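Thanks for coming. I will walk through a few places in one structure, beginning with the ligand. Please have the view open.

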Amino acid sequence: MSDKAATAQESLEALLKEARSFPPSEEFRRQANVSDPMIYEAARQDLEGFWAEEAKRLDWFQTWSKVLEWNAPWAKWFVDGKLNATYNCVDRHAKSFRRNKAAIIWEGEPGDSRTLTFEALEREVNRFANVLKSLGAKKGDRVAIYMGMVPELAIAMLACAKIGAPHSVVFGGFSAESLRERINDAQAKILITCDGGWRRGGVVPLKANADEALTGTPTIEKVVVVERVGKAAQIAMKPGRDYWWHELVANASDQCDPEPMDAEDMLYILYTSGTTGKPKGVVHTTGGYLVGTSTTHRMIFDIKEDDVYWCTADIGWVTGHSYIVYGPLANGCTTVMYEGSPDYPDRGRFWSIVAKYRVNIFYTAPTAIRSFMRWGTEWPAKYDLSSLRVIGTVGEPINPEAWIWYHQNIGRERCPIVDTWWQTETGMILITPLPGLTATKPGSATQPFPGVEAEVLDGKDRSVGPGAGGYLVLSKPWPAMFRTIYGDPDRYVRQYWSQYDGKYFTGDGAKVDEDGYFWLLGRVDDVMNVAGHRISTYEVESALVDHPAVAEAAVIGKTHEVKGQGIAGFVTLKEGIRASAKLKDELKQHVVKKIGPIARPDDIFFTSELPKTRSAKIMRRLLRDIAEGRVLGDTTTLADPAVTSRLKRQYEEEGKGD
Ligand code: PRX
């Protein structure tokens, strides 16, 4: 195991001593969607049968001839099956007893809200699908989406899926450059954006960023702009290229037949950070993805017909794709979408939304829970949270303190907590409690979902055994697994499937305890997890060295009380450039400009040299030791071991570099 995994493991030793266990109440178990423990054994014995049964809950235009074709690492699920994701998420419900049921409840920044029934959503999606067609989009064409959390974002995605045009949603907090890079990698033909987005009363300049990105995107032909902030954003519309959403849909028909898609046709691309500077376009396909996300959503969140479900993620991330849009809507479930932040206009905002809509299922990130802890119990205490039944977390390990706080103050010691482990690549939740079955332990994501096989291995494909740390590996395919990296199948093989024969390498460290419970120990590669967002150290380093004052930079993730990890940059300046507080701020701003606010370094530390091996490789693990105030690890491979001790001394003297 790498040094990073080893330290993560050490710091989590305390966590593993966590002995408390929370079985589901008898009352919950009795009403749960899944209450028979045999489900695990049944899925183990007949993986394909298990998923085929689940797939029957969807509407297929043509049924599959084979459940799974697995030539590792290439998977085909529901071979020859034909379906349409939007038909399954919207149309079929609009034609059923659910037609007047709320599909999307949207809560905007204070003062704004909108509810779309399944029938209304169908009409809106059809109109926009026809707009896309009139702009020249055809099956297979990629459509980029760069928007805030407005209903049109979900409508746009579903419209793309309706006509078979894969979408590539780029998180609205990314910079113009990041957007450009993603548009170009996907070779998108159309971009959908907003004039701006509301954020804590201020405006995110989405259209202005898009314009900047579009100076270098030769494939984009048309741009559709949703009016969200109006006069609050000064925007320019380019004739012949830019169109207003409301003008286009006003004249569009609300009838549109779904495009029959092969189960293996691409549904979307979503970019995520890897260990290099270039983001990876994770490819998800139609059939298996929809089966995987809808099944996990129904079982893990114990979804009932009249539930109101709220996942607080942004749709710009995979959590929003799978568990705000596709999973819930495929299940005909009411899904809440919230535009703003948890502390605007005040720190009770989330709880006021739970009370307002009588939310039953609530799914958020540990980083948010740690903020709530800081803000104090008085905020949730003011609101009626009695509607909540199941509460969940995702995105990073949850520390037992935060888990217990969540249990007491939000779940009111009544709601099962589901700590769900998964990734952009996995498409669906893979390690998780089932709320009617699993006795949870604070800090553990518990067990693989039925049919999922996870192992913890050493570097040589050997199981490490109970209690020992190792690499988390998945040894069986699952339906929502990604199929490739867009345009780079070699990277798909190299990065995920070449470490262990026929097994998927997750990039996470983990440990299994005597009860078979999984404890996630964080990333073992150069990927940071900052407030639940994946950011590669290399991307931030590239942004820093792009600044004219910087000679060299090394970036590490450093323990942060609320965000899990913060970003620390060690920077050497070019000859003759003087270090200053102003320059630090400038460098931080430069990273924001290059990548986006989520990658803003917390600390910048100027140094005249960086610890390197004799082959000139920067030793990040030593920088991590320094930043965390730990005893320095092995320095024997360094070209000049004195560099590190000097750096450590300097770091301690100056205080964390900020
Ligand atoms: O390190 C794991 C962490 O988040 C990574 C995946 O990030 P991303 O692709 O952005 O997807 C996040 C939302 C699915 C994983 O490699 N992670 C995610 N969930 C958990 C987690 N770590 C511990 N516990 C979790 N429940």
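Start at Arg-534: an N or O atom in its side chain sits 2.7 Å from an oxygen atom of the ligand. Keep in mind that this is a predicted model.

How much of the ligand does the protein bury? On its own the ligand exposes 540 Å², and the protein buries 96% of that.

Asp-508 places a polar side-chain atom 2.9 Å from an oxygen atom of the ligand. At Pro-397 the backbone takes part: a polar backbone atom there is 3.5 Å from a nitrogen atom of the ligand.

Now the whole shell. There are 17 residues around the ligand, and those that come nearest are Asp-419, Thr-420, Thr-424, Arg-523 and Arg-534. By type, the shell divides into six nonpolar residues, six polar and five charged. Which elements supply at least two residues of the shell each? Helix 13 (318–330), strand 20 (417–420) and strand 25 (518–523) do.

Next, His-93. You will find His-93 in helix 6, which covers residues 85–94. Is His-93 buried or exposed? His-93 is buried, because its relative accessible area is 2%, and the cut-off for buried is under 20%. A polar atom of the His-93 side chain lies 3.3 Å from the backbone nitrogen of Gly-332. Leaving out residues up to four places away in sequence, His-93 touches Asn-88, Arg-98, Arg-99, Phe-118, Leu-329, Ala-330, Asn-331 and Gly-332.

On to helix 15, residues 366–375. Why is helix 15 described as largely enclosed by the rest of the structure? Eight of its ten residues are buried. Those are Pro-366, Thr-367, Ala-368, Ile-369, Arg-370, Ser-371, Phe-372 and Trp-375. The elements that these buried residues pack against include helix 14 (349–357), helix 17 (400–409) and strand 29 (564–573). After helix 15 comes Gly-376, with a positive phi near 105°.

Last, the aromatic rings. The count comes to 44 aromatic pairs. One of them joins Phe-301 and Tyr-309, edge-to-face, with 5.5 Å centre to centre and 65° between the planes. Phe-301 counts as buried, at 0% relative accessibility. Tyr-309 is buried too, with a relative accessible area of 0%. Elsewhere, one aromatic cluster is formed by Trp-70, Trp-74, Trp-478, Phe-482, Tyr-492, Tyr-496, Trp-497 and Tyr-504.

That is the tour. I will take questions now.

Technical notes
Residues are numbered from 1 along each chain as its sequence is written. This is a predicted model: local features need pLDDT of at least 70, side-chain atom pairs count only at pLDDT 80 or more; totals for chains, interfaces and linings use all residues. Side-chain values use heavy atoms; hydrogens and water are left out. Helices (H or I, at least four residues) and strands (E, at least two) are DSSP runs, numbered from the N terminus. Buried means under 20% relative accessible area, exposed over 50%, partly exposed in between (1.4 Å probe, protein chains only). A polar contact is a pair of N or O atoms within 3.5 Å; within protein, one must be able to donate a hydrogen and the other to accept it, and residues adjacent in sequence count only if both atoms are side-chain atoms. Contact means heavy atoms within 4.5 Å. A residue is near a molecule or strand if one of its heavy atoms lies within 4 Å of it. Accessible areas come from the Shrake-Rupley method with a 1.4 Å probe; for residues, only the protein chains shown count as cover. Ala, Val, Leu, Ile, Met, Phe, Trp, Tyr, Cys and Pro count as nonpolar, Asp, Glu, Lys and Arg as charged, and the others, Gly among them, as polar. Rings of Phe, Tyr and Trp (its six-membered ring) pair if their centres lie within 6.5 Å; planes under 30 degrees apart count as stacked, over 60 as edge-to-face and the rest as tilted.
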